[in-house]
Amino acid sequence: MAKDIIKVTGTKSLTKKSSGKKQVKIDKTSGAMAYNRLDMQVSQALYMAIELYDSLDYIFVMDHYDDITIFDVSKKPYAVSYYQMKTHKKSISISTVLSQDWFAKLYAHLQQKEWIIKELGLITNCQLDVDFKVIDTKGKQKKQHKSYDKDRTAFTGMPQDVVDRIKKDISTKLEIPIEEVDLTKFVHMHTELSIGRHREIAEGTLSEFLYKKNSTITVETVKAIFDSMFRLLSDRQKYEGLGEDCEFDSVVKYKGVYKSEFTKIMADALLISMPPVRDVVNAAQCITKEEENKLCMAYVRVLEDQQSKPKAYKIIVLKVKEAIDTLQIKVDEPISDYALRICRFVYSSNNNYSYLYGPDYIKVMIICIILNGVSHRV
Amino acid sequence: MSETYFTKLLIADLINKEAAYQEFTKGFNVVTGHENHVGKSTILKSILHALGTEVYFSSKWTSNQKLYVLVINVNNVKYNLARWHNRFLLFKGNALVMVTDKVTKGLAQKLAEIFSFYVYLPSKNNKELELAPPAFTFLPYYIDQDKGWGEMYQSFLKLDQYNKADRLQCLYYHLGIFNKDTLALSNERDDLKRIFDQKLDEENRLRITIDNLTKEVNNLVPADNLDMLNENLRISKDRIENSIRKLGDLRNKIQELETMLHENYYHASIIKKIKKNNQPKELDENETCLRCPNCGYNITKDIFELVRSKYSEVNKKYIYDQIEYINNMISADLDKYKYDYIQTMQQMKQDEYVYNSNRDEYQTYLSQSGLRATLDKFNKNLTKLLGEKEEINNKLTQIRKKMRSLDSKHEIEDVYREYVKSNFRKLDVWDEEYINNIELLRPIKGQGGQVNKIVLAQFSALFKTMEHYRLEQMRFPFVVDSPRTNESSELSSQEIINIVFELKMLPQVILATTDFEKYYKGDIQDFNIITLDRPNHLLDEGTYEQNRELIDRLMAYFNSNELFGGKRK
């Protein structure tokens, strides 16, 4: 696929003249453009992951079968959708699509029989321009132009002329009888992501999604979740250690991202997110100023541990989470009492914890977790 | 009208056995001569000397070896008054009615009874009224040749036994303004005023003292007994102890907050030091990748760590903001505690200053109760003093009321003033300067050649005033010695003589002057003219012999141990 990218975007970057003098041009931009388009693919995948989160249990495979491959693993056999992502500043014409063999490449996926093909998508950041001929009422052939910029347009819904051309192209390139060419799975998807702002748009979509699930989520937490997801998808996309014919499990292992991983990211983010200290203090219902000050001190220590002692921090926060899951807070139970119960649970697992993490420390963690909606009173 | 006049005078020199004898008549008597040193003044001085006054005898006159006998007619009753040294014999007719060697307590008393004329003057020592000696009875009735013309009423010796301001009050008796009662009232008034002023001073001093004591007492713990004092001191000590406790708590709180602040800054510094690129490593392609077979969770790729590091990345500013927020809260609390600490410290110092816990409780009680007792005492004294002042004021008011009803003094003095003015004008000695300076008790001094006129004018005015009011007081003989002294002008001399003989209101005038006939052109038919013509020879043996029996008899009395208690002269 990397080669394809190069082919698509950089075909003219290095040229040889057949005769005479050789002209060498230095390509200063295609590298960066390539990077950005890779990132855009990740943003698009993330975008689609958010869109599909509530409706599908999926595995995203980046940059292997196709630019983006989505496996619906909710039941077997898995259903799969393949997507190619093409970008252009202005528009892409159907002629370009045909000439670049994009349809042919997508159609090639129909030949695998292991999974059910759900969708074959051509994702563009710009409108798809089609020129076609129509015969008017007088029987004359006329040329017409149409642009497709909706979220999703089935190719079968395009003008017959266009459909015929596509079928003919596929038939020719893949040596399939034209009458056997099936375009029902093919869709054009106009993504709202732009080349310059794909990250922001994707992050915004994620923010809306997360806010609907948890209205207390902070901007920083959203950002952390987005960056984490992006990083995960990027890592998958970059991995190049697989051969072309490697097993599905290996592919998924190295190039795939499970929905559960996204779920884990979100859950961990909420676990470690620290609400503003004033919210924590208010929730603690401190009676005296002294209690309040001690709580603030503990808050700062938690922040510091989060930054400077990640491993230790992970241990204790997961321990506290475990304690919370085991001993859920009751409806009218005061935070202080609940904190004491949790402390006993935590300290019982390791004697050193009582020296390292005082009751105020544990209380801060508990309050943060409850405020982030990770745990609820029962 | 009561009147006294002299009829006879005998002067006997007991050593030289010489004597002089003169007779006087009621009315005008002139002792004159053409020469000086004939004894004119001596006769006049002897008259007054016999009456118990001290006169300015010439240094040559040996008064102590002389016997003086004066026959006095008091309202037609004849008295013989004999004087030898300071011993006096008084005969009423032939009956001895008084033997005394005390001028004031003896002679003055008797003469006052005889004359019914009392002069009381305030004693120099204790201001108590006492009967004045005869000199003050005769003060306005004698003008001494030497001492009488410079300053009025200075003709006698020993007048300074009374204060100058009090001496001339004897004139008020002659003018009927004073009697014993009124003078007593006046003196009582003066005494009371003096006492009132003293009490006023005392009151002012007391008030100052009371103010100072009150200030002192107000600074002390108000307590009526030791228990109450202890309670008050306990309260003050409690307050100080509370302040100390509070200071301790505040100090601890400040230290706590300082520590918190330090810790926060330390944590913030740690967070700052953490490198940005503290990110999880990318998955090594050679690394074994562990995944949960069910959910696919990549155990190797620690998602928690991924999320934590991303969270840390994006939250740096947020973290600093939270720590800053906490630090600001702590700093605000710190400032508040520091302020409270300073306030408490100041309050404690104030409490310590006012209620010094180092003072001995007993001493505190003593000084407090002592001061209170003193203050109470002073207050009582003040109350008493105010009461006394009130009483004195009431008395003064009463006296003033009484005196207003008796007081004709101003009117009489006004009349006197008019007579003086009239006399001054008549004698052509008037000066506009005198217009507001004519006062009975502050006679105008004569100056230069007009001395005698000025003096006589005022004496004359006095007598005319007596006559004006037809006063019942005793009138005595006016004895005038040498009124023409200092007069160079004949006309003036005449005028002076004329003034003297205008005094017809007096029972007797005895005038001593040289060349009387030369200067008096009036009718002298009724005048008793005594002419002396032997200078330095007033006394003679013949006269002594003629009066030997009387002299011896009297000397027998004077030398009697029985009469004078064995004291021989």
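A:F155 and A:F186 are both buried, where buried means under 20% relative accessible area, exposed over 50% and partly exposed in between, with a 1.4 Å probe and protein chains only. This is a predicted model, in which local features need pLDDT of at least 70, side-chain atom pairs count only at pLDDT 80 or more, and totals for chains, interfaces and linings use all residues. Residues are numbered from 1 along each chain as its sequence is written, chains are lettered from A and ligands numbered from 1 in the order in which they are written, and side-chain values use heavy atoms, without hydrogens and water.

**Aromatic pairs**

- Over all chains, the whole structure holds 43 aromatic pairs; rings of Phe, Tyr and Trp (its six-membered ring) pair if their centres lie within 6.5 Å, and planes under 30 degrees apart count as stacked, over 60 as edge-to-face and the rest as tilted.
- A:F155 and A:F186 are edge-to-face, because their ring centres are 6.4 Å apart and their planes stand at 80 degrees.
- B:Y118 and B:Y120 are stacked, with 6.1 Å between centres and 10 degrees between planes.
- B:Y118 is partly exposed at a relative accessible area of 31%, whereas B:Y120 is buried at 12%.

**Charges over rings**

- The charged end of A:R199 sits over the ring of A:F230, 4.0 Å from its centre; this requires NZ of Lys or CZ of Arg within 6 Å of the ring centre and within 35 degrees of the ring normal.
- A:K259 places its charged end over the ring of A:Y53, 4.6 Å from the centre.

**A:D305**

- A:D305 is buried, with a relative accessible area of 11%.
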